[in-house]
Amino acid sequence: MKAVTWQGPRKVSVEEVPDPRIEEPTDAIIKVTTTGLCGSDLHLYEPLAPFMTPGDIIGHEPMGIVEEVGSAVTNLKPGDRVVVPFNISCGSCWMCDQQLYSQCETTQNRDQGTGAKLLGYSSLYGAVPGGQAEYLRVQFADFLPVKVPEGPSDDRFVYLSDVLPTAWQGVEYAELPKDGTLLVIGAGPIGDMAARIAMHRGHRVIVVDRVPERLARVAARGAETINLDEVDSVGEEVRSRTTGGRGPDSVLEAVGMEAHGNPVAETAAKMVGLLPDPLAKPLMKNAGIERLDALHTAIDAVRRGGTVSVSGVYGGQLDPMPMMTMFDKQIQLRMGQANVRKWTDDILPLLLDDEDPLGTEGFATHRMPLDEAPEAYAHFRAKEEGMVKVVFTP
């Protein structure tokens, strides 16, 4: 089959690789019909290179048609249409019983000290072959895949793999009061979708970004916007727009570990990338090379007693935090990988609504064949061509 493979920092290529096969009686094989390119994939593109091996199959937002099932699978059959969550959870361990599916004890990466295995996401999370491919092996097929009906297009459902549950959890973790105001930092796919979810629930939403096309997208859905390049202080600007100058009730931070665009962080990433992997890996895990501007902005902007919900992914251990401010403002801070299967049943009815209230049908800005993945990664990283969300059609 064809698959998108990591070949080195800032280098991916589409290669012919062996087809996946049933390895456990609980497995299934799907033919991928649509698969997404995520902002987190850019972390593999460069910052997390020490944890990658040339030839790794990447991607973690797939859906498709079941081709084959293992002998122990009873809930799926060939021909079923499914979406595959990005975190691999068994559904039956203690953590899964708590609906902490991103911490599944069956697939935890204890050698790395990390949570559940992830599709297509480096040796930190199991080096499991990913979903930017023509076919995919799906583990725990009786629990993990989300079965969806025939009829609506793939665009209605593919975001159940990551974007929708990640954004949904971010809004849930924000714990907005009735009629509360949410500030969303970052208008990429997660921030954009989180804004849509919060507005659908009746909240006032303000979104900050510096890419005009992204701000225009969220404004068209009804969000207020702040262009980061046009204000001296996001905190001061948003306080000037809120009752009593207190600031928003909650802030959803949807940027995370984004080294590109910051000269110091980019230089650090490149230097680490030049080191042998045995030296680079502990440095990446125990130090920090990301910028924290977005997180510090969230802490500054949120009202006293408010909540900061972090959906952006971070990787450093030594990043400085403004602990005095956080304590003094009595900030609640919530974060973590999305527990995808916890939220999918809540989200699915919205996707079956003929009015498509979250605008999933038009959410992708670019639809491309798998062969064009190298160009898509390069343009997405550079925020070129109005790229917000890319889906591939193998």
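This is a predicted model: local features need pLDDT of at least 70, side-chain atom pairs count only at pLDDT 80 or more; totals for chains, interfaces and linings use all residues.

Reader: Thanks. How do I read the packing of two helices?

Author: Two packed helices are described by the angle between their axes and the distance between the axes. Here, take helix H4 (residues 163–174) and helix H12 (residues 340–352): their axes come within 9 Å and cross at roughly 100°. H4 and H12 are therefore roughly perpendicular to each other.

Reader: Which residues make the contact between H4 and H12?

Author: From H4 come Leu 164, Pro 165, Trp 168, Gln 169 and Glu 172. H12 brings Val 340, Trp 343, Asp 346, Ile 347, Leu 350 and Leu 351.

Reader: Now the interior. How should I think about a nonpolar core?

Author: In soluble globular proteins, nonpolar side chains tend to be buried together. In this protein of 394 residues, 56% count as buried. The largest nonpolar core has 40 residues, and those that touch the most other members are Val 148, Tyr 159, Leu 160, Leu 164, Met 193, Val 205 and Val 207.

Reader: Which helices and strands each supply at least two residues of that core?

Author: Those elements are H4, strand S9 (181–185), helix H5 (189–200), strand S10 (204–209) and H12. H5 gives the largest share, 7 residues. Apart from this core lies another, of 28 residues, among them Ala 49, Phe 51, Phe 86 and Leu 124.

Reader: Can we zoom in on single residues? What does Val 205 touch, beyond residues up to four places away in sequence?

Author: Val 205 touches Leu 182, Val 184, Ala 195, Ala 198, Met 199, Ala 223 and Glu 224.

Reader: And Tyr 159: is that residue buried or exposed?

Author: Residues under 20% relative accessible area are taken as buried. Tyr 159 has 1% relative accessibility, so Tyr 159 counts as buried. Its place is the loop between helix H3 (154–157) and H4. Leaving aside neighbours within four places in sequence, Tyr 159 is in contact with Leu 164, Pro 165, Thr 360, Phe 363, Ala 364, Lys 389 and Val 391. The C-alpha atoms of Tyr 159 and Pro 85 are separated by 9.3 Å, with the two residues 74 apart along the chain.

Reader: Let's turn to sheets. In what order do the strands of the 6-strand open sheet come?

Author: The order is S11-S10-S9-S12-S13-S14, with parallel pairing. Strand S11 (224–227) and strand S14 (332–335) are at the edges with a single partner strand each, so one side of each has no neighbour in the sheet. From one strand to the next, the twist averages 20°.

Reader: How many bridges join S9 to S10?

Author: There are 5 bridges, and the two strands run parallel. Leu 183 stands opposite Ile 206 in S10. H5 packs on this sheet, touching S9, S10 and S12, and its direction makes about 170° with that of S10.

Reader: Which helix has Ala 294 and Leu 295 among its buried residues?

Author: That is helix H10 (residues 293–301), whose buried residues are Ala 294, Leu 295, Ala 298, Ile 299 and Ala 301. Their cover includes S9, helix H7 (234–240), strand S12 (250–253), strand S13 (307–310) and helix H11 (323–328).

Reader: And where can I see antiparallel pairing?

Author: Look at the open sheet of 3 strands, in the order S2-S1-S4. Strand S1 (residues 2–8) and strand S2 (residues 11–16) pair over 6 bridges in the antiparallel sense, and Lys 2 stands opposite Glu 16 in S2. S1 and S2 form a hairpin with 2 residues between them, and Arg 10 in the turn has a positive phi of about 60°. S1 is joined to S4 by 2 bridges, again antiparallel.

Notes
Residues are numbered from 1 along each chain as its sequence is written. Side-chain values use heavy atoms; hydrogens and water are left out. Axes are lines fitted to C-alpha atoms, for helices over the stretch in contact, and angles run from 0 to 180 degrees between N-to-C directions. Helices (H or I, at least four residues) and strands (E, at least two) are DSSP runs, numbered from the N terminus. Angles under 35 degrees count as roughly parallel, over 145 as roughly antiparallel, 65 to 115 as roughly perpendicular and the rest as oblique. Contact means heavy atoms within 4.5 Å. Two strands pair if DSSP finds at least two bridges between them. A nonpolar core is a set of buried Ala, Val, Leu, Ile, Met, Phe, Trp, Tyr and Cys residues joined through side-chain atoms within 4.5 Å. Buried means under 20% relative accessible area, exposed over 50%, partly exposed in between (1.4 Å probe, protein chains only).
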